[in-house]
Amino acid sequence: MQNIFKGRGEGLDRMTYIDFISYVFGFNGHDSDFLKLLPKLYKEQYEPCYNSFVVTEDGEYRAAIGCFPRKFMVGDEELVSHGIGNVAVHPRHRSKGYMKDCLHNAIASMIEAGADFSDLGGQRQRYGYFSYEKGSAERSFHITDINLRHAFGKAPLKDLTFKVITDENDPLIEGIWALHNTRKVHTVRPKEAFLDIARSWESTLTAILDGERLVGYYIGGLGELTLADSKDFDDVIRNYVKKFGNATFHVPSWDTAMSRRAWELCEGTGEGNVEMVTIFHFAKVVKAFLKLKAGYTALKDGSVVYHVSGIAGEENFRITVKDNAVTVEATDDKADVTLEHHAAISYFFGSYSTQRGEFAGDAGWFPLDMYFDSADHV
C-alpha cells in the first residue's frame, strides 16, 4: 500500500526539497534554482523544510509550498505575516488535490500560530479559493532625462556614487540596516540576514554615497529607496537618470515627502494592487494601518461598527476617529457595515471596492496602504 504523507516538511532533506521545487518551476539547477533566487529563504540557517508543507508518496515529493513567517512594523504596531511561495506540484501528479492539501494545512497552521495576515503573489481567482484577495496597493513614478532637463535646466549636478554591496561584512551594511529600520512600514530584518534579503529575486543592494557620507540605499532598480535626508532626493534621481537613462520606482503613500517631489518631477504615475493577501485578524491589521494613515493625512472624525465574516472567525469592532486619533475595539453593537472575507480585504485595503462608497460614515479612511517592499516578497 502506498504511504502518503501530508504535513510540515520538518526533518526532510533540504537539497532534495530545493531540487524538487526548482524542477517544477523549470530551473536548471545550475545557473538557476531557488537557493540562488531566494537565499534569504533556502539557506540552511533559514530552515526551508520546516517552513514548508508537503505531500510525499513513499518518501518522494509530489507537492510543496513554502510558508515563511516575518514580523512587520507598521508604525509602532507589530504584525506577523506568513508569505506563501514556491507552490509546486509534480507535473505527473496534478489533479490529485495536493496543492489544496498543502494550502489548507498552511492556512490552518497560520491561524493556530496567531498570524495576523498572509501574503503571496499569484493568479487572483486561483488563490481566491483559499481566502486571498488583491489588497496591496502600489504607486509608481516614471522620471526621464527630459523631465529633469525641464526641472533643473543648467543647474550644477552634485556627483554621487552608487556602490553595489556584495560582501556581507561590508561596513556600510550597518548604516543601511539602520536606515531600513526608520521606514514607517518595514519587516524586522536581522542585520546578519540583510544582504541575503536584499539579494532576493536576483536583485542587488546599492549604497548611495556623497564622499564618505551614506546618503541612502536602494534595492534592484530604485526599489525601497530610502534616504537619510529627503533633501537629497533631487540629487539621487538626477544621478540615477544620468547613469541609467530613466527611473521607474515605487513609493508608499506614507512617504509623503518623496511622493510629492516625485510627482513634481515625473512624466507619469501608475497605481494598482500587487500582492494577494488574506487577513486573519481584521481589527488588529486595520488598526495598525489606519493609525499609520492618520500620521500622514487628516482623517474625518467618525465612529463606525464593522462586522466581518473572516476565514479565522467572526469579528465585530468599532473604529473611532477623533482629532486624528484612532481607536479600534471589539463591540456587541449592531454593525453599520457588514462584509464577507474577500469583500472586507477590498474594502479596507483594495485600490477598488464595490462596497466602499456605499457608506459615507468612513469616507476618506480607506483604502489603507498595505504596501510591501519587493525584497520581502516570497
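Which residues line the second largest cavity? I found Arg183, Glu224, Leu225, His250, Val251, Pro252, Asp255 and Met258 there.

**Basis.** I worked with a predicted model, in which local features need pLDDT of at least 70 and side-chain atom pairs count only at pLDDT 80 or more, while totals for chains, interfaces and linings use all residues. Residues are numbered from 1 along each chain as its sequence is written, and side-chain values use heavy atoms, with hydrogens and water left out.

**Cavities.** I searched the whole structure and noted 2 cavities of 30 Å³ or more. A cavity is a set of points on a 1 Å grid over the protein atoms alone where a 1.4 Å probe fits but cannot get out, and lining residues have an atom within 4 Å of a point. Grid points are joined across faces, edges and corners, and a volume is the space filled by probe spheres set on the points.

The lining of the largest consists of Phe72, Arg183, Val185, His186, Thr187, Trp254, Tyr371, Phe372, Asp373 and Asp376. Strand β9 (residues 185-187) gives the largest share of that lining, 3 residues; strands (E, at least two residues) and helices (H or I, at least four) are DSSP runs, numbered from the N terminus.

**Arg183.** I located Arg183 in the loop between α7 (172-180) and β9. Is Arg183 buried or exposed? Arg183 is buried, because its relative accessible area is 5%, and buried means under 20% (1.4 Å probe, protein chains only). Leaving out residues up to four places away in sequence, I listed its contacts as Tyr217, Glu224, Leu225, Thr226, Pro252, Trp254 and Asp373; contact means heavy atoms within 4.5 Å.

**Sheet.** I traced an open sheet of 4 strands in the order β18-β17-β16-β19, with mixed pairing. Its edge strands, β18 (325-330) and β19 (337-340), each pair on one side only; two strands pair if DSSP finds at least two bridges between them. Strand β16 (residues 302-310) runs parallel to β19, joined by 4 bridges. I noted that Tyr306 has Val337 in β19 as its bridge partner.

Technical notes. 1 Å grid on protein atoms, 1.4 Å probe; cavity = no way out; pocket = protein on both sides within 12 Å on 5 of 7 lines; lining within 4 Å. Buried < 20%, exposed > 50% of the residue type's maximum accessible area, 1.4 Å probe, protein only.
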